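Could you take a look at this structure with me? I have put together a few points to read alongside it.

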Amino acid sequence: MTPLLSHDRYCDEIAHQVDLLRSVVTSGADLSGTVPTCPEWSLEDLVRHMGGALRWVELMVRTRAEEEVPEERVPGAAGPGARGDAAALDAWLAESGEQLVAALREAGPDTKVWGWAGILNAGFWARRVTHEITVHRADAALAAGLHYEVAPEVAADALDEWLQIVEYVQRTVPHDPAGELRGPGRSIHLHATDTGPEVNAEWFVELTEDGFAWRRGHEKATVALRGPLTSVLLAFYRRLPLDAPELEVLGERQLLEFWLERATFG
């Protein structure tokens, strides 16, 4: 499926998401506090991970990398030397975002660059980073107790991309846990309850012996997940529990839980 957003819009969204993540850093939140949705990280760890990822992608796009670049070869990827310095962390994150957006804009979407999901161009990275930072910003906001929202078209495209990547992993990594999803007569329906027809925020995922297929639209399924689009996105990324008050699960909940345990990559 063709991405919903243009290359320029992805670049704009990365810049926007970096600014929003920076606002968490400078909000006075405890940088040493644990991130509930990524309990192996503190809030500062999460920000350093995201900033390092921005610099890693920037290097690959700028140099037109033909293979994966080891993270230890990325200048400045570790972030500021001193921990707990919100101002230094904020400045480093801002620079990381600016450098990546500049590299992506200069490259354009079709420039050949190594990628890990079968799409070998800079456009893959513009889209992937958009959704990586969108979800990790949710982690940061939840850790800091701050409000989180995302534009409907960005959330919808994030779900499209998520399904495309899981589909790719099932085809190319035979022993990945996602392979356990194969089987007849099972399906999942995602239904956003707060968007209009222009977003078409419904998905039908059909599990088969050969893998799975998915498409946009409203169809009866073995299990359905309903709720606001942002909440559906976060639940599918396992950032929000299925029993959250704004969500509704209809049908065989065990199938949805089975899926989420085996088809998560972010």
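Here are my notes on one helix and on some charged pairs.

1. Before we start: this is a predicted model, where local features need pLDDT of at least 70, side-chain atom pairs count only at pLDDT 80 or more, and totals for chains, interfaces and linings use all residues. Residues are numbered from 1 along each chain as its sequence is written, and side-chain values use heavy atoms, leaving out hydrogens and water.

2. Begin with helix 1, residues 7-25. (Helices are DSSP runs of H or I, at least four residues, numbered from the N terminus.) Its buried residues (under 20% relative accessible area, 1.4 Å probe, protein chains only) include H7, Y10, I14, L21 and V25.

3. Next, find the salt bridges (a side-chain nitrogen of Lys or Arg within 4 Å of a carboxyl oxygen of Asp or Glu); the structure holds 20. One of them joins R83 and D45 at 2.8 Å, N to O. R83 is in the loop between helix 2 and helix 3 while D45 is in helix 2, so the pair ties together parts 38 residues apart in sequence.

4. Now look at D157 and R127, whose side chains form a salt bridge at 2.9 Å, N to O. D157 belongs to helix 5 and R127 to helix 4, 30 residues apart. Is D157 buried or exposed? D157 counts as buried because its relative accessibility is 0%; R127 is buried at 7%.

Note on methods:
Helix = DSSP H or I, 4+ residues; strand = E, 2+ residues; numbered from the N terminus. Expected span 1.5 Å × (residues − 1). Buried < 20%, exposed > 50% of the residue type's maximum accessible area, 1.4 Å probe, protein only.
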